[in-house]
Structure formats: C-alpha cells, structure tokens
Amino acid sequence: MNLIILLILFVANENGNRDDWFPPYCKMSPKKIAAPKTIQDCITQLDTVLTVEVKEHFRKQNEQIASIEIMKTIGEDFVITWQLDFYSGSGGYGFSSKSKSEDLLNALKIVGVKHHHLILKIVFNCLYKKLNEIPFDINIEVQNVKNEYDPLLVREGLGNFYQSDLNIEAFEDSIITSFRFKDLGIGDTVGTCYHEKVRNSLFYLTGVIDSINYVDQKILVRTIDISSNLRYRNVLINKRSLVSGDTITVRFGDWYKKNEYEFDYNYSKKQVMPEWQRYLKQKFGN
C-alpha cells in the first residue's frame, strides 16, 4: 500500500512539474497566456512573458531584421497558442491551445490582414518600437506590413497559404542575407557546411574573400581548408572538383563570416555558432 501511495505522489508531482514547465524564452508559464483581443493585447502579453535576455537582444537589433529573426525561431509558438493561423492544430512546446482570438482576427479581416505571419509581424514591429520607446501608431504599422507583404500572398486556401509561406520565407531570407552581406570585406575569412550528394559526404569549407560582387551578392572565395567526414581531400560543387587553394564564386547566403554569431531565441543564448564556426574553433582554436 505504501508503495502505491508513493507512486501516486510521484506521478502527481511529475505532472505538476510538467504543468509548471515553460520554454526557456518565457519567464512564466505560457499556460497563463490567453487569446488576445487586440494587437495591443498581444504586445502586452509578449512584453510580460518574454525573458529580459530575449527582449534586450531583440531591442538592440536592426529594426528591419529584429522581427524577422525572432519570428523564425519562436514566432510559430505564439501563432499556435493564440491560434492566429486558421489551419493551426493543437498547441505545442509547453503551450496549450486557447480558443481562437476571434475579436482580433475579425478586426484584422476588416482591414485586409488574414495571414498569420502578417499578424505576428505587426505585433513584433510594435513591440520593437515599444521596447525602444519609439512612438508608433498600430494602424500605420498594419498598413506598412500590408504594403510590404501583400504582393507575396496568393489566393486563400490551405495549399495556397503554404505557397504564401514559401514566398514570405524567401523574401525575408533575402533581407537577412543583404544585411549580412553589407558587413563583408576583401580578405575576410568565410566558410560553410556543405553536403556533397554525389559521395554523400559532409564538408567544412574555409576560404578568404578575393573579390565581392555587390550587385549579385556573390563572393570569389579562395579556399584554404577543405575537411570531409569521409576524409576526402577534394569537394565536388556544380560538377567541379575543388582542392585547397582553388577559387570558387558562390552566393553568400549559405556562407558565414568568421566570428559571425547567431542569437538563439529559444534558449536566450548569446553567440551561438553556426556549425562551420564550431569546426573552425576546434581545428584552429581561434
């Protein structure tokens, strides 16, 4: 009997712990988040629930980049818990799905905003201005997002919403790449993690920038190190075999500048290194 009681207490305690668990980027349980009725309600909830570290990093970023980066990592959790997506399912990652935010969704429908990504973009744009004490008008923010994103949207429907998502992702990736590209210079050390399909091998490529094409966002890279998990000394890219010392022209999007770090919004961690950066530090120690 005593054993049964202990097991019951253990299970109850474990369930209680799970109920109290919340994602590292939240300073309180997301179960306390309710379906918002207005954009201002969304802003207030985010300002309340996000950790100081997340808000501080978000606040210090370039205004155009800030909302894109945070939405790519933790945005979907808020889409789910607020049910901003008409096709969303049950909650995830510690969030319990609330009733739909009918008041908010209906109000935004009237002004022509239906896609969940646009709703969240408006919210984070406003939050950024609030944290930086920049005056803002929600109606103006709504119109600005519509002007920027409406050309990316296609006719409603589950399949077409997915195509809209792809269009938005490509558009925002191009903005981030352009922002990163401006920081490049001749002689910078750059690298990437590359999967060669022909031999099913993973490569770390390291090189130095010899020239920059600012119009097409391409760089001429002189390779200085090629490392393969299968110990190949050459890498096949676009049917061309490269060895250390060869040059190649590539688009910058999948490459990183040395000591270019990322912020992990999920875990409120600074200086998260891309996979190539970790390899570089392990091999060269700097």
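## Exercises on pockets and cores

The lining of the largest pocket divides into 17 nonpolar, 11 polar and 14 charged residues. Here Ala, Val, Leu, Ile, Met, Phe, Trp, Tyr, Cys and Pro count as nonpolar, Asp, Glu, Lys and Arg as charged, and the others, Gly among them, as polar. The model is predicted: local features need pLDDT of at least 70, side-chain atom pairs count only at pLDDT 80 or more, and totals for chains, interfaces and linings use all residues. Numbering runs from 1 along each chain as its sequence is written, and side-chain values use heavy atoms, leaving out hydrogens and water.

**Exercise 1.** Locate the largest pocket and explain its placement.

*Step 1.* Take the volume: about 1,200 Å³. A pocket is an open set of points on a 1 Å grid over the protein atoms alone, where a 1.4 Å probe fits, with protein on both sides within 12 Å along at least five of seven lines; lining residues have an atom within 4 Å of a point.

*Step 2.* Find the centre. Of 42 lining residues, Ile176, Arg180, Tyr256, Glu260 and Glu262 are the closest to it.

*Step 3.* Helices (H or I, at least four residues) and strands (E, at least two) are DSSP runs, numbered from the N terminus.

*Step 4.* Assign domains. Domain 1 (23-180) and domain 2 (189-284) both give residues to the lining of the largest pocket, so the pocket lies between them. The bounds come from an automatic or database domain assignment.

**Exercise 2.** Characterise the second largest pocket.

*Step 1.* Its volume is about 310 Å³.

*Step 2.* There are 14 lining residues; Met71, Lys72, Glu76, His117 and Glu172 lie nearest the centre.

*Step 3.* H4, helix H6 (116-131) and H8 each give two or more residues to this lining. H4 gives the most, with six.

*Step 4.* By class, the lining holds four nonpolar, five polar and five charged residues.

**Exercise 3.** Describe the nonpolar cores.

*Step 1.* The largest core has 40 residues, and Leu50, Phe58 and Phe78 have the most contacts inside it. A core joins buried Ala, Val, Leu, Ile, Met, Phe, Trp, Tyr and Cys residues through side-chain atoms within 4.5 Å; buried means under 20% relative accessible area with a 1.4 Å probe, protein chains only.

*Step 2.* H6 gives the most to this core, with 10 residues.

*Step 3.* A second, separate core of 17 residues includes Phe181, Ile209, Ile237 and Trp255.

Conventions
Grid points are joined across faces, edges and corners, and a volume is the space filled by probe spheres set on the points. Buried means under 20% relative accessible area, exposed over 50%, partly exposed in between (1.4 Å probe, protein chains only).
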